[in-house]
Amino acid sequence: MINYIVYMIAVGSAIIVGLLLRLPLLPENPKRQSWTISVIFPTAVLALGFTAMISKLGYLNSTNTDYIIALVVGIITSIFSKFILERILPRPVHDSPHEPSLSSAEPPEEHEKIKESQSRSGSSKNSSEYKNKSESSKNSNNESEDNSSQMKEESHG
Amino acid sequence: MDELIGIIIAAVISWLNFVLIDTWMGLPESPGVKGAEVIGRGIKKRGGDLAGGFFQGNIVCSPDASAGTLLASIACYAIGTPEGGLIAATLVYFGNRLCADPGYAGTTGALTITIIIALTSYIGITPAMFIVGMLIAIFTIQGLYHPASSKLLGKIAHKMGRYTKLN
């Protein structure tokens, strides 16, 4: 017989600790294209899955310690989602109109540093390459903005 | 329940489960990876529909609701309901992330079929019937005739407002 309370404790503790760790409750819109790790998805789903694994491995044996194990599973799951998941399974590195590229996600200070180092080295080829790259990234950003505005208009329509 | 009738019902439920969830999650809208685009455009060249082709390409290239439905059925058969389905949903999520997919379709498909398997067990449909049913369901999409199946998927995408804007 499945003990639903164990699963509820695991999900509940994962949600509470996830919120305390400042994970967003839900991914941003449009949700189906979002790579943001949030409390509801995937943290709660992972908590259910990890609890099921623990259960089937025989660590839950219908005693009061089951509730403590479920609580710990929920806490570990939210810590895993916050700090480890993005490191072991990072979002893909490619320029797609629907997904933000890592190059555009870099802080502007990084771009400034690259620009400065290239201007110091004085190689015109490198700087022109960088210019082209920055222009293409600007274009891709504009495209993505256009796409997002189109999608917004459609959702309003 | 008679095994043959059970398999037919399971096939219909599995087909609806993965097609509706995958379409809702936007698989016909755009190819997630290069491979899906190649498959989509290849199907269009052979007289199919581009949105349906993207759908078919996407379910080949990453574990979406079709894989979620099949894996959850297998896990429920092997491990038990609902633990197997929950474990399958977790593993499908990791598989999705490895395949450059955010993971909504696969995980949702695995969770919904787990609920459906739990509910239909009361009328005698077993997880084994769902495994066979899902194989039949995916065969109708990927195994028979791509142009026709892609047109059907394109029509469903159009009705659900998920038709591709790419040319």
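A nonpolar core is taken here as a set of buried Ala, Val, Leu, Ile, Met, Phe, Trp, Tyr and Cys residues joined through C-beta atoms within 7 Å. A residue is buried if 20 or more other C-beta atoms lie within 10 Å of its own, exposed if 12 or fewer, and partly exposed in between, with C-beta atoms placed from the backbone. The model is predicted: local features need pLDDT of at least 70 and side-chain atom pairs count only at pLDDT 80 or more, while totals for chains, interfaces and linings use all residues. Residues are numbered from 1 along each chain as its sequence is written, and chains are lettered from A and ligands numbered from 1 in the order in which they are written.

**View 1. The largest nonpolar core, with 68 residues.** Ala10(A), Ala47(A), Leu48(A), Ala88(B) and Ala89(B) touch the most other members. Helix H1 of chain A (residues 4-20) gives the most to this core, 8 residues; helices (H or I, at least four residues) and strands (E, at least two) are DSSP runs numbered from the N terminus. Beyond its neighbours within four places in sequence, Leu48(A) is in contact with Tyr7(A), Ala10(A), Val11(A) and Leu86(B), contact meaning that the C-beta atoms, placed from the backbone, lie within 7 Å.

**View 2. The contact between chain A and chain B.** Chain A supplies 19 residues and chain B supplies 19 residues. On the side of chain A, 12 are nonpolar, 5 polar and 2 charged. Ala, Val, Leu, Ile, Met, Phe, Trp, Tyr, Cys and Pro count as nonpolar, Asp, Glu, Lys and Arg as charged, and the others, Gly among them, as polar.

**View 3. Helices H1 (residues 3-24) and H6 (residues 104-120) of chain B.** Their axes come within 10 Å and cross at roughly 150 degrees; axes are lines fitted to C-alpha atoms, for helices over the stretch in contact, and angles run from 0 to 180 degrees between N-to-C directions. H1(B) and H6(B) are therefore roughly antiparallel (angles over 145 degrees). Residues making the contact include Ile13(B), Phe18(B) and Ile21(B) of H1(B), and Thr108(B), Ile113(B) and Ile116(B) of H6(B). The contact divides into 6 nonpolar, 4 polar and 1 charged.

**View 4. Helices H4 (residues 65-78) and H7 (residues 127-142) of chain B.** The axes are 8 Å apart and the packing angle is about 160 degrees, so H4(B) and H7(B) are roughly antiparallel. Among the contacting residues are Leu70(B), Ile74(B) and Tyr77(B) of H4(B), together with Phe130(B), Ile131(B) and Met134(B) of H7(B). The classes are 10 nonpolar, 3 polar and no charged residues.

**View 5. Trp24(B) in helix H1 of chain B.** Trp24(B) is partly exposed, with 17 other C-beta atoms within 10 Å. Met160(B) lies 136 residues away from Trp24(B) in sequence and 7.0 Å away in space, C-alpha to C-alpha.

**View 6. Two cis peptide bonds, at Pro30(A) and Pro82(B).** Asn29(A) and Pro30(A) are joined with omega about -15 degrees, and Pro30(A) sits in the loop between H1 and helix H2 (43-56) of chain A. From Thr81(B) to Pro82(B), omega is near 0 degrees; Pro82(B) belongs to the loop between H4 and helix H5 (83-98) of chain B.

**View 7. Positive phi at Arg22(A) and Ala100(B).** Arg22(A), not a glycine, has phi of about 65 degrees. This residue is in the loop between H1 and H2 of chain A and is exposed, with 8 other C-beta atoms within 10 Å. Ala100(B), in the loop between H5 and H6 of chain B, has phi of about 55 degrees.

Note on methods: Contact = placed C-beta atoms within 7 Å. Parallel < 35°, antiparallel > 145°, perpendicular 65-115°, else oblique.
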